[in-house]
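Hi everyone, thanks for coming. Please have a look at what I've brought today, and then I'll talk you through it.

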Amino acid sequence: MTAPNTPAETSDQLNKPAKSGKLEVDLITIGVFAALYFVMVCIATLVSTLFTGGFGSIFLPAITALISGCVYMLLAARLGKFGGITVMGVIIGLFLFISGHFVLSFIASIVFPVAADLIARAGKYKSKALLLVSYVVFSYGLTGPILPLWFMKDAYVASLQARGKDAAYIDGVFVNINTGTFFISMIAILVCAVLGGWFGQRMMKKHFIKAGIA
């Protein structure tokens with residue numbers, strides 16, 4: 001005859017489905033925000049192509065940082081635990097890698113999001129200052145696709161040639177690639193991430209929290 005469950009065993013059994021359900025909710029939350037961030041990247045790609053001319057690709061991370069602060073801050077507020085920021089960055093990195101970018105795209109999309117997650121965790125996902133620093137660091141995760149333009153030119157040229165691009169197209173890609181534009185691009189990310197993160201925090205305070213979303 002089977003012995004009846006003890007109170008401790010019954011409690012453990014009740015907690016297991018709850019933990020499983022919580023994990024599922026967390027994964028859904030991360031997935032939703034990763035999708036929203038991807039939409040922001042697509043919008044930034046369109047804007048950079050239409051309005052920045054030959055500088056489009058190198059300013060893509062900065063434009064994304066400028067418009068994605070709300071998504072980032074809301075994810076941090078909703079989840080409030082380590083892993084969400086990292087997974088969101090990795091998902092974007094996987095997409096970039098699968099779409100034909102160098103492996104550096106994937107590496108940057110791991111290193112910077114993990115660092116950003118650790119910084120946000122240091123402030124328990126509540127410190128506005130650390131969340132802003134975290135967002136700035138996270139925004140550099142999108143530099144993976146553009147860094148090879150400066151540091152892996154030969155490999156980048158070879159990849160373009162393998163895709164059937166002619167010499168005129170390749171020359172156009174590199175016409176604005178120099179030391180000066182590298183520093184301009186990196187500084188632009190910093191400035192736009194600070195502005196985008198600040199705006200995201202303002203929106204959190206003004207609308208999301210009042211609406212009970214955050």
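Predicted model: local features only at pLDDT ≥ 70, side-chain atom pairs only at ≥ 80, totals over all residues.

Residues are numbered from 1 along each chain as its sequence is written, and side-chain values use heavy atoms, with hydrogens and water left out.

Now, the cavities. On a 1 Å grid over the protein atoms alone, a cavity is a set of points where a 1.4 Å probe fits but cannot get out, and lining residues have an atom within 4 Å of a point. How many cavities of 30 Å³ or more are there? The count comes to two.

The largest cavity holds about 60 Å³ of space. Its lining includes Tyr37, Phe138 and Leu142. Helix H4 (84-98) and helix H5 (103-122) each supply at least two lining residues; helices here are DSSP runs of H or I, at least four residues.

The second largest cavity has a volume of about 40 Å³. Among its lining residues are Leu75, Lys81 and Tyr125. Helix H3 gives the most to this lining, with three residues.

Last, serine 48, in helix H1 (residues 7-51). Is serine 48 buried or exposed? Serine 48 is buried, with a relative accessible area of 3%; buried means under 20%, using a 1.4 Å probe and protein chains only. Its side chain reaches the backbone oxygen of threonine 45 at 2.9 Å.

How values were computed: Buried < 20%, exposed > 50% of the residue type's maximum accessible area, 1.4 Å probe, protein only. Polar contact = N/O pair within 3.5 Å; in protein donor to acceptor, adjacent residues only side chain to side chain. 1 Å grid on protein atoms, 1.4 Å probe; cavity = no way out; pocket = protein on both sides within 12 Å on 5 of 7 lines; lining within 4 Å. Points joined across faces, edges and corners; volume = space filled by probe spheres on them.
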